[in-house]
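Visitor: I am new to reading structures. Can you walk me through one, feature by feature?

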Amino acid sequence: MSLLNVRDLRVYYRISKGMVRAVDGVNLYMDKGDFLGLAGESGCGKTTLALSITRLLPDNAKIISGSILFDGVDLLKLREDELRENYRWKRISIVFQGAMNALNPVFRVGDQIVQAICTHENIGKKEAWERVERLFSLVGLSPERAKDYPHEFSGGMKQRAIIALALACNPDLIIADEPVTALDVIVQAQILELIRSLRDKLGLSMIIITHDLSVIADTCNKAAIMYAGKIVEFSDIVSLFKNPLHPYSQGLLANYPSIEEEAKSFEPIGGRPPDLLNPPSGCRFHPRCPYVMDVCRRVEPNLIDVGGGHLVACHRVMKS
Ligand SMILES: Nc1ncnc2c1ncn2[C@@H]1O[C@H](COP(=O)(O)OP(=O)(O)OP(=O)(O)O)[C@@H](O)[C@H]1O
Ligand SMILES: [Mg+2]
């Protein structure tokens, strides 16, 4: 049984002009131990997908359809109290996009993690504090720094503390939304090294959301490419980087510096992302696709396995 199995998920936002179709028929699965990279340009629905899995969506979001099976249980069918008591933070935790800037400046960093632990587990402050010190060591921070305030931390240290917070209740799955985006390249490399070491030490499963494919290449074994609310390609990392099939993935890879020779011939993607209030008919990528055919404008392509678990939603690939 897969650890996470998202089926036909649709999540729309209600705004005055209509419905923003942020996640629109997403299928995704991962096994225990997988590190799944989720990539796609700004506004394609990555954060909405992450917030749906933890059911922490804003008030104007509506789950239109679908299921999110976690260890066989449909998270969308659970009552809020069941989800809170047994799943959120304990089994699935999330590193929010921009979270390192959300540490409360008036509390010590360690106290903020202690508070999170005590909210979710029935343990005393002293025991929780000891756990924070252990977590700090695990994420490469000296335990005594737990007594410091956020302003005494560098960006990289804050991000380590946020990762410690995500690990605090020993979850099976961590969703990390743009965990290195705000950091300079050297600190980015250090945080990615930390993520790799946690993968090896803890047997975690993780979804890493990024617009940067090199982050995925560095840390993940599987990747999902998202475009305008849909997954357009899903595969193991080697297969995706060696043989990207969707024209959008090929365009993303064209911007990836250390790709192999053949990929260099791909054209970067021109045009603008579509309006999710009123997405294009057929394949959503068709207005920007260099290989567009008539069918692409009319019929939405399904995500289909073309062999060995490499899935793609593209009429042209299906024809060839
Ligand atoms: N609360 C909201 N109300 C209305 N529309 C929203 C809301 N939150 C997000 N959206 C819209 O939903 C779409 C998906 O947004 P989302 O934040 O999930 O994208 P993303 O892939 O995470 O982008 P980024 O890479 O910039 O973080 C976008 O069109 C966005 O403008
Ligand atoms: Mg986002």
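This is a predicted model: local features need pLDDT of at least 70, side-chain atom pairs count only at pLDDT 80 or more; totals for chains, interfaces and linings use all residues.

Visitor: What does the chain contain in helices and strands?

Guide: Start with the inventory. The chain has 11 helices and 12 strands.

Visitor: What radius of gyration does the chain have, and what would a compact globule have?

Guide: Compare the chain with a rule for globules. For 320 residues, a compact globule would have a radius of gyration near 20 Å. The chain has 20 Å, which agrees.

Visitor: How many of the residues count as buried?

Guide: Burial is judged by counting neighbours: a residue is buried if 20 or more other C-beta atoms lie within 10 Å of its own. Here 42% of the 320 residues count as buried.

Visitor: Which contacts in the chain join residues at least 24 apart?

Guide: Take the contacts between residues at least 6 apart in sequence. Of these, 61% join residues at least 24 apart.

Visitor: Now a helix. How does the reach of H3 relate to the expected length?

Guide: Count residues, then check the span. H3 runs over residues 109-120, so 12 residues, and the expected span is 16 Å at 1.5 Å a residue. From first C-alpha to last, H3 reaches 18 Å, close to that value.

Visitor: Which residues of H3 are buried?

Guide: They are Val109, Gly110, Ile113, Val114 and Ile117. These residues cover an arc of only 135 degrees around the axis, which puts them on the same side of H3. Their cover includes helix H4 (125-138) and helix H5 (155-167).

Visitor: What surrounds ligand 1?

Guide: List the shell, then sort it. Ligand 1 is surrounded by 17 residues, and the closest are Tyr13, Ser42, Lys46, Thr47 and Thr48. Strand S1 (4-15), strand S2 (18-30) and helix H1 (46-53) each give two or more residues to this shell. H1 provides the largest share, three residues.

Visitor: How do the shell residues divide into nonpolar, polar and charged?

Guide: Seven are nonpolar, nine are polar and one is charged.

Visitor: Last, a single residue. Where does valine 295 lie?

Guide: Valine 295 sits in helix H10 (residues 294-298). Valine 295 and histidine 315 are 20 residues apart in sequence, yet 7.5 Å apart in space, C-alpha to C-alpha.

Definitions and conventions. Residues are numbered from 1 along each chain as its sequence is written. Chains are lettered from A and ligands numbered from 1 in the order in which they are written. A residue is near a molecule or strand if its C-beta atom, placed from the backbone, lies within 6 Å of it. Helices (H or I, at least four residues) and strands (E, at least two) are DSSP runs, numbered from the N terminus. Ala, Val, Leu, Ile, Met, Phe, Trp, Tyr, Cys and Pro count as nonpolar, Asp, Glu, Lys and Arg as charged, and the others, Gly among them, as polar. A residue is buried if 20 or more other C-beta atoms lie within 10 Å of its own, exposed if 12 or fewer, and partly exposed in between; C-beta atoms are placed from the backbone. The arc is that of the directions from the helix axis to the C-beta atoms. Two residues are in contact if their C-beta atoms, placed from the backbone, lie within 7 Å. The radius of gyration is taken over C-alpha atoms; the globule rule is 2.2 Å times the number of residues to the power 0.38.
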